[in-house]
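Thanks for making time this morning. I would like to walk you through a few local features of one model, and I will give the cut-offs as we go.

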Amino acid sequence: MSATADHAEERTNPAVRLGFQPGQVVQEIGYDDDVDQELREAIEEAIEGDLMDEDYDDVADAVVLWFRDDDGDLTDALVDATTYIEEGGAILLLTPKTGRTGYVEPSDISEAATTAGLTASKSVSVGKDWSGSRLATPKAAKAKR
């Protein structure tokens, strides 16, 4: 594939933009009827495999965490997600966009991420109803310095 094609895929596939790569093991937490199926399919296409569900009991390269305001404590959810992830891995925190049911304030995301020992490295719109925050575990954050 040419460099131009790679760049075109990066622009059109949000999963590639978010850094998902072939061969990665990605665990999905918080799946419900309201998730963005197109994003899920894009991630599976990018990793060339299926997303692992919440019962997956091995280490993952990344975690996709769907979280809504009424899902409980965000800090606890993030801490729990880090227990499943490879050191240096990332968590893609997906929350409903402003005005949608379950919207989470950006300040709440920032505070929860900091408390959980994570560093926010990128926020993106990932679909019609969802925003994504890419959160890095401490080793990944240090490696970028």
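By buried I mean under 20% relative accessible area, by exposed over 50%, and by partly exposed anything in between, with a 1.4 Å probe and protein chains only. Please keep in mind that this is a predicted model, in which local features need pLDDT of at least 70 and side-chain atom pairs count only at pLDDT 80 or more, while totals for chains, interfaces and linings use all residues. Residues are numbered from 1 along each chain as its sequence is written, and side-chain values use heavy atoms, with hydrogens and water left out.

Let me begin with the aromatic rings. Searching the whole structure gives one aromatic pair, where rings of Phe, Tyr and Trp (its six-membered ring) pair if their centres lie within 6.5 Å, and planes under 30 degrees apart count as stacked, over 60 as edge-to-face and the rest as tilted. The ring centres of Trp66 and Trp130 are 4.8 Å apart and the planes are at 80 degrees, so this pair is edge-to-face. It links distant parts of the chain, since Trp66 is in strand β2 and Trp130 in strand β5 (residues 130-136), 64 residues apart; strands here are DSSP runs (E, at least two residues) and helices likewise (H or I, at least four), numbered from the N terminus. Trp130 counts as buried because its relative accessibility is 3%, and Trp66 counts as buried at 1%.

Now to the loop between α3 and β2, where Glu48 lies. Glu48 is not a glycine, yet has a positive phi of about 55 degrees, and at 63% relative accessibility Glu48 counts as exposed.
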